[in-house]
Amino acid sequence: MRGSIYYQSSQLVKQIFEAGAKKEDRTNPNHQHYQKVASFKTMESYRNIWNNFFNYLKEHWNIKDFEKIESEHIQAYMEYKIEYYPSKQYLEKISASLGKLEIALKLFSKNISKYEKDYDFSIRQTILDNARDLKLVANNYHNRAYSNPELLISNLKNHLHKLAAKIQYEGGARIEGVALIKLEQLVGFKLDIITNTKKGIIFTKEKGGKVGEVLVNTDTYIEVENYIAEFDKFKINRQAYYNDLKQATFLSNETPEASHGLRWNFAKRRMFEYGKAGYSYEDCLQQVSYEMKHNRASITQHYLA
């Protein structure tokens with residue numbers, strides 16, 4: 001599909017919006033109005049979210065043709081939104097609008113496009129369910145850092161999950177930064193001038209395409225390097241990792257905060273390290289923000305509650 005973000009979203013609206021369509025028709029799989037949107041207000045709300053999503057895809061994934069949206073883009077966007085601590089109601093609204101986007105794209109592919117493509121955005125519901133279950137979204141903002149992250153990591157049952165957790169805890173990586181690591185991402189060692197210690201460098205791609213270094217302890221780096229040498233790549237199943245973390249929180253007497261809680265621990269520790277190295281508070285915020293692949297210093301303050 002060609003055209004601006006707003007033109008493309010308007011074309012998708014035409015596929016799914018049917019003003020005044022009856023509820024019984026919209027819930028009848030055999031009716032032409034099945035799964036369509038009948039309310040102007042609801043459609044406007046969905047389209048606003050689509051436009052925000054499309055802007056995100058253009059900025060972070062360089063996707064300008066929205067027929068090319070895949071499940072991985074839905075997953076990245078949902079996780080991106082979760083990181084900014086939305087209300088449960090807002091995340092539910094995003095999930096619902098992306099569900100309608102899936103239907104609109106299917107209809108566009110069938111009715112307008114030269115080729116029919118199947119879309120599956122069901123990952124949105126899985127992420128939403130996990131977020132509710134693990135309290136990643138809530139009506140009240142709260143500190144998500146683990147009180148004893150080392151104990152939590154030791155209580156993980158799967159060795160690969162322990163390695164992934166170490167990378168997140170030591171280097172501040174997001175889940176997408178540890179779910180798959182290839183040999184070319186291991187780029188050696190360097191001196192961390194903030195702590196004056198030797199660190200291993202893992203080059204990761206996160207948050208819809210943002211790339212950068214993740215600095216981890218040398219023993220963690222060597223463990224990952226040895227594993228990849230034997231098995232070609234480091235890869236974990238996200239759902240299995242989440243489940244293992246949840247079980248480990250029970251053993252550690254921690255509140256379940258999923259893997260993102262480890263980034264909170266990283267931010268707090270790294271702020272202390274920058275401060276100890278003589279940086280001003282404002283510079284600490286900015287540098288930690290950069291290391292966590294954010295741009296604005298104010299984002300780091302979320303992790304210091």
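1. Helix H8 (residues 159-171) lies across S3 and S4 and runs at about 100 degrees to S4; contact here means heavy atoms within 4.5 Å. Helices (H or I, at least four residues) and strands (E, at least two) are DSSP runs numbered from the N terminus. Axes are lines fitted to C-alpha atoms, for helices over the stretch in contact, and angles run from 0 to 180 degrees between N-to-C directions.

2. On provenance, this is a predicted model, in which local features need pLDDT of at least 70 and side-chain atom pairs count only at pLDDT 80 or more, while totals for chains, interfaces and linings use all residues. Residues are numbered from 1 along each chain as its sequence is written, and side-chain values use heavy atoms, with hydrogens and water left out.

3. The strands S2, S3 and S4 form, in that order, an open sheet with antiparallel pairing, where two strands pair if DSSP finds at least two bridges between them. Strand S2 (186-192) and strand S4 (210-217) are the edge strands, each pairing on one side only, and the twist from one strand to the next averages 40 degrees. Strand S3 (residues 197-206) runs antiparallel to S4 and is joined to it by eight bridges; in one of these pairings, Lys199 has Asn217 of S4 as its bridge partner.

4. Helix H3 (residues 40-60) packs against helix H5 (residues 88-111) at an angle of about 85 degrees, the axes being 9 Å apart. The two helices, H3 and H5, are therefore roughly perpendicular, a class that covers 65 to 115 degrees, whereas angles under 35 degrees count as roughly parallel, over 145 as roughly antiparallel and the rest as oblique. On the H3 side the contact includes Tyr46, Trp50 and Phe53, and on the H5 side it includes Ile94, Leu98 and Leu101. The residues of this contact between H3 and H5 divide into 10 nonpolar, two polar and two charged, with Ala, Val, Leu, Ile, Met, Phe, Trp, Tyr, Cys and Pro counted as nonpolar, Asp, Glu, Lys and Arg as charged, and the others, Gly among them, as polar.

5. Helix H4 (residues 71-82) has 12 residues, which at 1.5 Å a residue should span 16 Å, and its end C-alpha atoms are 17 Å apart, which agrees; the expected span is 1.5 Å times one less than the number of residues. H4 is mostly covered, with 10 of its 12 residues buried, among them Tyr77, Glu79 and Lys81. Buried means under 20% relative accessible area, exposed over 50%, and partly exposed in between (1.4 Å probe, protein chains only).

6. Ala267, placed in helix H12 (residues 260-276), is buried, with a relative accessible area of 0%. Ala267 and Asn226 are 41 residues apart in sequence and 28 Å apart in space, C-alpha to C-alpha.
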